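Colleague: Hi! Could you walk me through this one? I'm new to it.

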Amino acid sequence: MSHVLGYLCSDPSVSAHLLRELEHEVSLHHPGESSGVGLGWIQDDRSLLRNHPKPPAGLPTVPMMISDLPARTVLGHVRAPGLPPLAAANLAPFRFKKWLWVSPANSEMPQDMLPEMPDHIRQNIRGNSVAEWGFHAVIAELSKVDLLDHPDRDMDGVVAAFSRAVQHLHDSGISLGPVIMASNKRIMGMSTKETLKFRAVAGYEIKGEPLFAGHKPRNRTYPAFRAMMITNAPTDGAQWHEIPENQIAWFDAQNIPHFQRP
């Protein structure tokens, strides 16, 4: 099983400390042993990608790769070891303007099932994977209801557009598997039979390290810090919660989950 991961936080300067903690709770494939690893992040209102279809053995773990990025929003994908090679264009995550999307589905989209969408959206598609076409089908729906650039205006409308696109693909016999989609301020996940789990963080304390014997370092507290992680990888700890099967979950500014069926 390939692993997908989504991370959203209010202050990336705290991420390195938190991600060291979360790294022990999430059992992700190691990038150097995987069949490919991809990262997507939003920085200065732009979405960026870094893909390794043939990852070098020296890559650090995905949480540590994320901690090196000066970004509030990051999505990651680690393909299971032993899978056939995948072209860089078909390796998730995928991006469009301020949006990111990750899904482990990498089968080719049938030519006779390509969804209709505006040319300015279609021309952003680089490959032919089900996951990338599914993402752009959602983007097309968001464009129709004028929520592509300002999703915070109506998150219920965003989820409804997401649902319509996913349901249309499902009715056509296209399965996307678990999906994580994010903007610079919001993150959402859709569980399938392969369940997604999430962990919310509200407030954080960075414990100082003693410089010498007997030294009592001062801890730094960040009461306003918020973070959310979503993944389909095995997790450990009571603070992880499942997104129910075949439901979409999105999280507001207070990390409160809202659930909806497609």
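Modeller: Happy to. Let's begin with Asp44, which sits in the loop between β2 (37–43) and β3 (46–52); strands are DSSP runs of E with at least two residues, helices are runs of H or I with at least four, and both are numbered from the N terminus. This is a predicted model, where local features need pLDDT of at least 70, side-chain atom pairs count only at pLDDT 80 or more, and totals for chains, interfaces and linings use all residues. Residues are numbered from 1 along each chain as its sequence is written, and side-chain values use heavy atoms, with hydrogens and water left out.

Colleague: Thanks! Is Asp44 buried or exposed?

Modeller: Asp44 is exposed, at a relative accessible area of 66%. Exposed means over 50%, buried under 20%, and partly exposed in between, with a 1.4 Å probe and protein chains only. Asp44 also has a positive phi of about 55 degrees although it is not a glycine.

Colleague: And what about phi at Asp45?

Modeller: Asp45 has a positive phi too, about 65 degrees, and is not a glycine. Asp45 is in the loop between β2 and β3 and counts as partly exposed, with 45% relative accessibility.

Colleague: What does Lys98 touch?

Modeller: Leaving out residues up to four places away in sequence, Lys98 touches Ile42, Asp45, Ala182, Ser183 and Asn184; contact means heavy atoms within 4.5 Å. Lys98 lies in the loop between β5 (94–96) and β6 (99–102).

Colleague: New topic: which peptide bond is cis?

Modeller: The bond from Ala92 to Pro93 is cis, with omega near 10 degrees. Pro93 is in the loop between β4 (73–78) and β5, and Trp101 touches Pro93, as well as Phe162 and Met181 among others.

Colleague: How many residues are in the largest nonpolar core?

Modeller: That core has 52 residues, and Trp101, Ile139 and Phe162 are among those touching the most other members. A nonpolar core is a set of buried Ala, Val, Leu, Ile, Met, Phe, Trp, Tyr and Cys residues joined through side-chain atoms within 4.5 Å. Helix α4 (residues 130–144) gives the largest share of this core, 9 residues.

Colleague: How do α4 and α5 cross?

Modeller: Their axes come within 8 Å and cross at roughly 135 degrees, α5 being residues 155–171. Axes are lines fitted to C-alpha atoms, for helices over the stretch in contact, and angles run from 0 to 180 degrees between N-to-C directions. Among the residues meeting there are Ala137 and Leu142 in α4, and Ala161 and Phe162 in α5.
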